[in-house]
Amino acid sequence: MGLIARRVEADGIPTTSLTSALSITRSVNPPRAVFLDYPLGHTAGKAKDPALQREIVAAALAAVDELDQPGAVKMLPYRWSRDDDWKRETMLNGDTRSHRSSSPEYQCEADRALAVAAGDCPTCVFL
Amino acid sequence: MRTRDLYSSLGHDPYRWVRNDDAPPWTELAKPLRECRVGLVGSGGVYRTGQVAFHHRDDISLRVIDTSVPVPELRTSHFAYDQTDARTDPNVVFPLDALHALVAEGVIGELSARAYAFMGGIYSARRVRDVLAPEISRRLAEDQVDLALLVPV
């Protein structure tokens, strides 16, 4: 996403990027980033916690006024849990990624039926 | 470091993230946040019911999602993260409810009518740089957003 941030910003639109992967963000170096130290898949907060999600998104947007150095990273204070055991668990789980094929991987079979019934997908941009 | 360690622990060739040592491009916000139209781009593999899901073999396609979509109609398809929570509450990777709340509070002016979703973890930096990034940038400009919120996974 950092490459996209850089392109959008270069084209004249300011960006602010949430991130939970500090090493990638430091390397790709987007214009403005806001770091949330949460497990992968929770870049905008915890499930079913709208108040927290709102705070995180508000903090990401506020960074546009607060950060004045290109490449700066704002650190958010939220913690996933009282200890950092989840970081170790992420490592121990190993490769939980799905098999990689070139057919669509629907969340559920009903979605496949809906997509097939809808026919051409004008809001799907195949690049 | 944990992300890099995780990726290399997966048995693939060591992946090198793009490294940009130059200063990133910089555009100042043209107006106060409370007057801004905000665009959302997320790479959590979000699609809505009726759309074609992502495939997991270097898919760089994009889904255009109306920001008025009921969140329960959002789905996820991504090869690289545990989607349990994202499928319970897609807001954790595509924060539409939070953005709507911030519009209602007057913190931001409005949410763009369209948001964009793709599946992060694209292996080819060249395809992101040459194909996907310009497409997203062009669309955000067409939508006349004043600020883009990017939510990677």
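**Exercise 1. Find the residue of β3(A) that stands opposite A:Val34, and describe how the two strands concerned pair.**

Solution. A:Val34 has A:Lys74 of β3(A) standing opposite. The next step is to look at the strands themselves, where helices (H or I, at least four residues) and strands (E, at least two) are DSSP runs numbered from the N terminus. Strand β2 of chain A covers residues 32-35 and strand β3 of chain A covers residues 72-75, and the two pair in the parallel sense over four bridges; strands are said to pair if DSSP finds at least two bridges between them. Finally, β2(A), helix α3 (residues 50-66) of chain A and β3(A) make a β-α-β unit that is left-handed. For comparison, a crossover is right-handed if, with the strands pointing away from the viewer, the path from the first strand over the helix to the second runs clockwise.

Before going on, note that this is a predicted model, in which local features need pLDDT of at least 70 and side-chain atom pairs count only at pLDDT 80 or more, while totals for chains, interfaces and linings use all residues. Residues are numbered from 1 along each chain as its sequence is written, and chains are lettered from A and ligands numbered from 1 in the order in which they are written.

**Exercise 2. State how many residues each chain brings to the contact, and which element of chain A gives the most.**

Solution. Chain A brings 72 residues and chain B brings 82 residues, where two residues are in contact if their C-beta atoms, placed from the backbone, lie within 7 Å. On the side of chain A that touches chain B, α3(A) gives the most, with nine residues. A:Val125 stands opposite B:Leu62 in β3(B).

**Exercise 3. Locate A:Lys48 and B:Asp58, and decide how exposed A:Lys48 and B:Asp58 are.**

Solution. A residue is buried if 20 or more other C-beta atoms lie within 10 Å of its own, exposed if 12 or fewer, and partly exposed in between, with C-beta atoms placed from the backbone. A:Lys48, in the loop between β2 and α3 of chain A, has 12 C-beta neighbours inside 10 Å and therefore counts as exposed. B:Asp58, in the loop between β2 (46-48) and β3 of chain B, has 14 such neighbours inside 10 Å and so counts as partly exposed. A:Lys48 is not a glycine, yet has a positive phi of about 60 degrees; B:Asp58, not a glycine either, has a positive phi of about 60 degrees.
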